[in-house]
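Please read the following note with the structure open beside it.

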Amino acid sequence: SIRMPLLISGPGIKPGKRIDELVYQHSMYATTCELAGIPIPSTVEFPSLTPLLQGESHVPHGAIFTYHRHTQRAIRTRTHKLIVYPQVQKIQLFDIENDPWEMHNLSEDPTHAQLKADMFQQLRRMQIELGDPLDLADPLNGVWQVLPPHTKD
């Protein structure tokens with residue numbers, strides 16, 4: 001579900017152009033609206049990729065958040081991926097630039113402890129921002145619980 005190819009063709013998009021950026025498929029609604037000249041509804045939460053497609057130096061996301069039910073949460077940056085498995089209380093950390101096949105779990109390596117902590121905090125911030133109800137409050141100390149459903153203010 002991460003690192004899937006996305007192919008787009010349309011007005012103002014140069015054929016054969018390759019863009020290597022982190023994007024969510026949820027941005028496609030806003031993108032197709034903008035490319036079609038239709039106003040993007042105010043309820044749409046993900047940004048259009050049109051500026052990126054038209055060559056502007058627009059980086060929509062510094063990291064991508066993904067999940068599977070209550071069994072997995074992950075965050076991916078350009079260089080690393082952190083995966084949390086709350087039901088079995090495991091964490092994996094991969095250097096995807098140097099280990100693209102994710103063969104070497106760095107989560108227990110003391111030299112990567114700060115990176116692991118930073119990525120975990122970024123994962124928690126993204127969970128809150130996106131309204132994810134699974135609480136990963138402190139997996140390093142074994143605290144795992146489900147929060148009540150998120151409600152927007």
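1. Strands S1 and S2 form a hairpin with three residues between them, and Arg69 in the turn has a positive phi of about 40 degrees. Strands here are DSSP runs of E with at least two residues, and helices are runs of H or I with at least four residues, numbered from the N terminus.

2. The model is predicted: local features need pLDDT of at least 70 and side-chain atom pairs pLDDT 80 or more, whereas totals for chains, interfaces and linings use all residues. Residues are numbered from 1 along each chain as its sequence is written, and side-chain values use heavy atoms, without hydrogens and water.

3. S1 (residues 64-68) pairs with S2 in the antiparallel sense over five bridges; two strands pair if DSSP finds at least two bridges between them. Thr66 has Ala74 as its bridge partner in S2.

4. S2 also runs antiparallel to strand S3 (residues 80-85), joined to S3 by four bridges. In S3, Ile83 stands opposite Ala74. A hairpin with three residues between the strands is formed by S2 and S3.

5. Is S2 covered or open on its faces? Gln72, Ala74 and Arg76 on one side, and Arg73 and Ile75 on the other, are all buried (under 20% relative accessible area with a 1.4 Å probe, protein chains only). In a regular strand, side chains alternate between the two faces of the sheet.

6. The protein chain has three helices and six strands, in the order α-α-β-β-β-β-α-β-β from the N terminus. Of its 153 residues, 37% count as buried.

Key: Buried means under 20% relative accessible area, exposed over 50%, partly exposed in between (1.4 Å probe, protein chains only).
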